[in-house]
Amino acid sequence: MVESGAFATAFIGGLVPSLIWLGFWLFEDRCEPEPKIRILLTFLAGMAAVPIALYLERWVMPYASGVALLAVWAVVEETLKFAAAAAFGLSSPAYDEPVDAIIYLSTAALGFAAAENALFLFGWLENGSVLQSVAQSDMRFIGATLLHILSSATVGLSIAYAFYRSRIVRYDATFIGLVLAIFLHTLFNFFILQLNGNDMIFAVFLALWAGIVAVLFFTERIKEPARDYCV
């Protein structure tokens, strides 16, 4: 009973922050919203990618270490998030404007973050560290969730800017976006593991917020020339 209660609490704790962020992104696309079933499937696919990522990350651990291991983990997670968005969002007939790429990539990222955060919280709760779980939830909302949004939205931006270009340009843009997302993901993990002191960690989180603001700025720039959007 205690274990099932901890699982339910962890699941809700991991899900709620992602749903808040998802509501924000859907508000950005409120004038010509994507089909709810596509959003749901993309979100669930992002969640389903977590156990696959964990398996692959554990499998590679004996073969790499240090920054190389962090980079491989970033490759695994960013590739799986992109695959979730591509399979259930970017393949949809409803994917018909540049901003949709950002919406679907962010949705997959938030699904991934929800499942990942729930697993972390469950580990804390299972050990009876309730107060630590609450603190961990706040840190992951600020840190890991923002990281997944920023990295995946970066891929979405790259795709969006190439939306009206040739197929080869779109492929190149997708690849560049993934490389940049992997770099950002690796850099964040490196600093979080290496830095000591709240001031330095705060600086990393501040950089994440600055990245999110930049993503929002470029998202608005993408929306303006494509269509008429309601206020």
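Select W25: this residue is buried, with a relative accessible area of 1% (buried means under 20%, exposed over 50%, and partly exposed in between, with a 1.4 Å probe and protein chains only). The model is predicted, so local features need pLDDT of at least 70 and side-chain atom pairs pLDDT 80 or more, while totals for chains, interfaces and linings use all residues. Residues are numbered from 1 along each chain as its sequence is written, and side-chain values use heavy atoms, leaving out hydrogens and water.

Next, select S106, which touches W25 and A153 when residues up to four places away in sequence are not counted (contact means heavy atoms within 4.5 Å). S106 is buried, at a relative accessible area of 0%, and belongs to helix 4 (residues 98-126). Helices (H or I, at least four residues) and strands (E, at least two) are DSSP runs, numbered from the N terminus.

Turn now to the rings. The structure contains 9 aromatic pairs; rings of Phe, Tyr and Trp (its six-membered ring) pair if their centres lie within 6.5 Å, and planes under 30 degrees apart count as stacked, over 60 as edge-to-face and the rest as tilted. Select W21 and W209: their pair is tilted, at 5.9 Å centre to centre with 40° between the planes. W21 is buried at 10% relative accessible area, whereas W209 is partly exposed at 36%.

F24 is partly exposed, at 31% relative accessibility.

Finally, select W21, F24, W25 and W209 together: ring pairs link them into a cluster.
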